[in-house]
Amino acid sequence: MDRTGESVSGDEMLERSVSEDHWYCSFATPNIFDEQSRNSAFYSHTMTLNYAEVLKDFVEKHSTGLTVAAVAGIGILGLRRWMAGGVCRSKARLDGKTVLITGANTGIGKVTAMDMAQRGARVIMACRDIPKAYSAADEIRQKTGNNNLLVKKLDLASLKSVRELAKYIQENEKRLDILINNAGIMMCPKWKTEDGFEMQIGVNHLGHFLLTNSLLDLLKKSAPSRVVVVASIAHVTGRIHFDDINLDRNYDNLVSYRQSKLANILFARELAARLQGTGVTVYSLHPGLIRTELGRHLFPHWSWWKRMIASVLMMIVKSPWEGAQTSIYCAVEESLANESGLYYRQVQVNIDFDNTTVLAKSLQLQL
Ligand SMILES: NC(=O)c1ccc[n+]([C@@H]2O[C@H](COP(=O)([O-])OP(=O)(O)OC[C@H]3O[C@@H](n4cnc5c(N)ncnc54)[C@H](OP(=O)(O)O)[C@@H]3O)[C@@H](O)[C@H]2O)c1
């Protein structure tokens, strides 16, 4: 029976239901259905048809909103994919080789150490925070099965600490195949290193400068060997303040970070030139924008709304694994064996931001 009391067949009822105004739509309770509509096959068919109708209706009514949401979704996915950058595909093994990584207890340094261990290297984790370094080393041992890891103390804000580590390595290690200058500090307050240098130039550049130069003999002895300098893209707007290297006159934490990262790139380039013919090659790189602890001196001072926007943006920036790919590439990729002094980004060489003229100008302007 239909709702007027007329007796109709199931098929006829179904046909009518589609053309009528959905009086038994999905929101109706089952007890309003008559005898035939309680037939379960009929009921589910009717419900399906009505869901389809409701959906079609919804899409028609909200077509603009849905198009905007779809375009935004695809855009965010595309941006996320682009931000992620490339992946180092090299299958190079590092059995019998030694890799030293600074700042390997967290962030991209830890992921890089994990990758080197996975490839069979002896990994020396040169870190400031030793308990944190031990726990990172335990995790790396567990995940890679490589027990050939050594945690050593290194505070780049102390030239004494740098010399002590270099001495230990010179006296106790037979070889050094890859040195990865990864540790870094960004936009901290106006702090000084133990030796009186402004903190960012001290840690990011001067400490690594001394460490690298102290280990050059061992690197040369182990050639072909590599020095990887984890820089940034911040150097593009950087200047070397030769007349006020510690920015004592007018400290600005961003100006200081940029200066230190420009120093990283200039150092890598000059070192490469000086090491020509020795079998030691040098690479500098920008790892990308990554979710790590690098913003630790910055974010706590931001207002709540800035932090809220930053946490949303954090969802699209690189993971530490993605961020470590260019460092790993520079450390192991076989095709880079004869390249030296270049700048890499997104797992490839990058000439746009390694512009000799710009760098030269940035120096000349102040000389
Ligand atoms: N994250 C990014 O978006 C980004 C972008 C461009 C460039 N970078 C560069 O990538 C490198 C790695 O940074 P990250 O993002 O992995 O940051 P992170 O998570 O903060 O790691 C930095 C590492 O450097 C160590 N470090 C800081 N000061 C040190 C000191 N005085 N002596 C020895 N080690 C010290 C830290 O050790 P503690 O744990 O003991 O502090 C930590 O292991 C840095 O050179 C950074 O400038 C990062």
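The legends below describe close-up views of one predicted model. Residues are numbered from 1 along each chain as its sequence is written. In this predicted model, local features need pLDDT of at least 70 and side-chain atom pairs count only at pLDDT 80 or more, while totals for chains, interfaces and linings use all residues.

**View 1. The open sheet.** Eight strands make up an open sheet with mixed pairing, in the order β3-β2-β1-β4-β5-β6-β7-β8. Strands (E, at least two residues) and helices (H or I, at least four) are DSSP runs, numbered from the N terminus; two strands pair if DSSP finds at least two bridges between them. Each of β3 (149-153) and β8 (348-349) has a single partner strand and stands at an edge, so one side of each is left without a neighbour in the sheet.

**View 2. Strands β7 and β8.** Strand β7 (residues 342-345) and β8 run antiparallel and are joined by two bridges. Y344 has V349 in β8 as its bridge partner.

**View 3. V123 and its contacts.** V123 touches V99, I101, A113, M116, A117 and L149, leaving out residues up to four places away in sequence. Two residues are in contact if their C-beta atoms, placed from the backbone, lie within 7 Å.
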